[in-house]
Amino acid sequence: MSLAKITQVTGRGVHIPGDDIDTDRIIPARFMKCVTFDGLGEFAFADAKAAEKAAGRLHPLDDSRFDGATILISGSNFGCGSSREHAPQALYRYGFRAVIAESFAEIFFGNSTTLGIPCVKMSKQDIDDLSALIDKTPSALVTVDLTENKVTVDDVAFTAAISIPEQARKPLLEGRWDSIADLVDGLEDVKARVAAIPYLAAR
Amino acid sequence: MGKTLLDKVWEEHTVRTLPDGRTQLLIGTHLIHEVTSPQAFGMVRDLGLKVLYPHRTFATVDHIVPTDQAQEPFSDPLADAMVKELRKNCAETGVTFFDLPTGKQGIVHIVGPEQGITQPGTTIACGDSHTSTHGAFGAIAFGIGTSQVRDVLATQTMAIGKPKVRRINVDGKLAPGVYAKDVILHIIRKLGVNGGIGYAYEYGGSTFDAFTQEERMTVCNMSIEGGARVGYVNPDETTFEYLKGRPYSPQGAEWDKAVARWKAVASDKDAVYDDVVNFRAEEILPTVTWGITPGQAVFINESIPDPKDLPEKDRDTAAEAIEHMKLPAGTPVEGIKVDVAFLGSCTNGRLSDLQEVAKHLKGRKVDPTVKAIVVPGSQVVASIAEKMGLAEIFREAGFEWRGAGCSMCLGMNPDKLVGDQLSASSSNRNFKGRQGSPTGRTMLMSPLMVAAAALTGKVSDARKVFGIK
């Protein structure tokens with residue numbers, strides 16, 4: 001299995017403000033009644049969008065100024081809650097290729113990395129600045145650069161440091177973000193380990 | 001230098017270090033359910049792989065099961081298709097399925113322990129974030145995504161970095177009417193919903209020593225709500241006593257050998273932790289959430305905080321919560337009108353939860369304005385509770401007695417809030433829309449507090465309602 005090397009992601013950004021945006025918010029549970037991930041994209045943030053509409057406000061994903069955005073920007077503890085991979089699957093199918101946030105919940109982070117979606121951390125101040133910039137110029141092209149751990153915005157002098165654990169950055173850069181091939185390579189070692197652990201060796 | 005249980009289990013289950021630095025970790029026990037497994041089976045097939053150790057994966061069906069309909073086909077064709085898909089996948093691969101007709105079906109985190117599948121010193125993974133529940137036995141148990149379910153099916157391993165360990169001590173005696181649920185809600189309130197990111201939580205101290213096995217499960221269950229993917233308690237006599245004689249527990253001479261191994265896997269006295277936090281049991285009161293994250297919680301005698309009185313980082317989420325909950329800052333939580341009372345879930349749907357409530361409920365009636373449902377966590381729990389006469393007590397009080405499943409915890413089955421109903425819930429998440437209605441409102445609390453709310457029609461101090469002193 002050959003995977004793309006993900007060194008940088010460039011695209012328009014959209015800011016979905018708020019901390020602790022959970023995976024139920026990203027994809028409400030009723031849309032998980034499915035046996036494939038196809039078609040989840042259109043339901044990303046479905047209830048959040050409806051709630052904003054009902055309150056007479058516009059959810060960023062309903063704001064045509066941000067149509068076609070591929071980089072999602074949010075607050076701290078993004079993706080908390082349920083382990084549902086349906087959440088990053090929905091974001092990917094919606095068109096997102098990278099997420100910038102103050103911090104990420106662990107299971108969401110791992111699920112996203114496995115799908116080749118870099119989740120990078122940025123300081124609150126830089127996120128505020130980047131969001132303001134995008135709000136002013138929605139067409140601005142944002143680049144998440146994993147080789148140099150920075151985010152830059154074309155045409156304006158915006159540069160901000162990002163961080164991503166090496167255990168995610170490295171596989172993204174090397175095109176090994178889906179670990180199944182590496183795991184299968186270790187099958188002989190797996191069998192040896194199973195034979196050495198009493199509760200697994202006994203049948 | 002001593003080792004933690006996590007160190008020991010990790011070491012024993014490490015297959016190798018992967019090129020990216022993560023561990024290829026052997027997963028001894030794999031639990032699956034209908035929602036996060038069908039795609040994984042499909043991926044295994046598409047890759048030309050097979051299920052490596054089918055006898056180490058155990059399946060049940062819980063999220064989508066209607067709790068008011070025992071007969072298939074289910075009225076929801078999507079739910080029906082998901083059960084059939086799991087049945088087919090298990091039959092094709094040889095995975096054990098605690099299916100609906102077996103009498104052993106239930107919420108995966110209740111079935112594993114009650115069957116004796118969950119054991120100390122093991123690694124457990126399941127495509128569900130509340131897999132941390134199994135840590136109550138001294139297992140290292142992770143919630144995983146569907147691609148990792150695929151990985152575990154095909155290789156019995158997954159790629160994961162070793163977490164740090166935070167020791168959380170709770171010492172002292174809980175006051176009457178204060179429960180394990182209050183302990184974990186308090187811990188999350190104090191350490192934050194993201195405080196556990198990067199950590200496994202090791203719970204201990206005299207309060208935990210005194211807890212029953214099921215109380216430990218309630219705490220470990222909600223570790224993930226504090227950001228910790230893994231939470232565990234060191235195994236002890238309470239654990240062994242719980243496991244003895246269960247269907248999948250070691251038998252005969254194997255039992256003694258297993259207990260010896262289980263004792264050895266506990267953290268050493270001189271184990272070194274990355275962080276240590278201490279709580280006193282006496283300081284914890286009945287706790288309820290008022291917002292949209294499990295960390296937005298107060299004691300029953302407190303009021304909904306004013307966002308401007310909170311630390312700056314918490315203000316926006318608090319304001320958002322107040323808008324969603326339609327409860328202004330300053331509202332005392334005691335007295336908030338409740339529409340639905342939900343007793344169940346992988347957090348509090350065990351026999352001991354039902355027993356504790358039934359003990360106090362006898363002879364009382366649910367407020368006529370409240371829809372109250374009690375959902376046993378498994379068919380085994382339901383069957384025992386019925387034999388013990390608990391079901392009858394609940395029915396007489398005006399609760400609907402349902403079949404086993406996840407029910408109103410998550411809105412994937414017919415049990416859902418309607419509109420902006422407010423639910424007093426013994427479950428684990430109060431996220432916006434979590435209980436099936438986008439505008440629905442959830443207040444998390446202990447099972448007895450749910451019962452108190454059901455009887456009075458409002459959030460109430462169970463100690464007053466039931467005369468607990």
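Tutor: In this predicted model, chain B contains an open sheet of 4 strands whose order is 11-10-9-12, with parallel pairing. Strand 11 (230–233) and strand 12 (275–280) of chain B form the edges; each has a single partner strand, so one side of each lacks a neighbour in the sheet. From one strand to the next, the twist averages 20°. Within this sheet, strand 9 (residues 164–171) of chain B pairs with strand 10 (residues 199–204) of chain B through 6 bridges in the parallel sense. One residue pair may be inspected directly: B:Glu202, in strand 10 of chain B, is the bridge partner of B:Arg167.

Elsewhere in the chain, helix 13 (residues 351–361) of chain B has several buried residues, among them B:Leu351, B:Leu354, B:Val357 and B:Leu361. B:Asp353 and B:His360 of this helix are also buried. The cover over the buried residues of helix 13 of chain B includes strand 15 (340–343), strand 16 (371–374), helix 14 (379–387) and helix 16 (447–456) of chain B. Just after helix 13 of chain B, B:Gly363 adopts a positive phi of about 80°.

Finally, there is the contact between the chains, to which chain B contributes 60 residues and chain A 54 residues. Elements of chain B that each supply at least two residues to the side touching chain A include strand 1 (14–17), helix 3 (77–93), helix 5 (146–155) and helix 11 (312–325). Helix 5 of chain B gives the most to that side, with 6 residues. The residues on the side of chain B that touches chain A comprise 21 nonpolar, 24 polar and 15 charged.

Conventions: Residues are numbered from 1 along each chain as its sequence is written. Chains are lettered from A and ligands numbered from 1 in the order in which they are written. This is a predicted model: local features need pLDDT of at least 70, side-chain atom pairs count only at pLDDT 80 or more; totals for chains, interfaces and linings use all residues. Two residues are in contact if their C-beta atoms, placed from the backbone, lie within 7 Å. Ala, Val, Leu, Ile, Met, Phe, Trp, Tyr, Cys and Pro count as nonpolar, Asp, Glu, Lys and Arg as charged, and the others, Gly among them, as polar. Two strands pair if DSSP finds at least two bridges between them. Axes are lines fitted to C-alpha atoms, for helices over the stretch in contact, and angles run from 0 to 180 degrees between N-to-C directions. A residue is buried if 20 or more other C-beta atoms lie within 10 Å of its own, exposed if 12 or fewer, and partly exposed in between; C-beta atoms are placed from the backbone.
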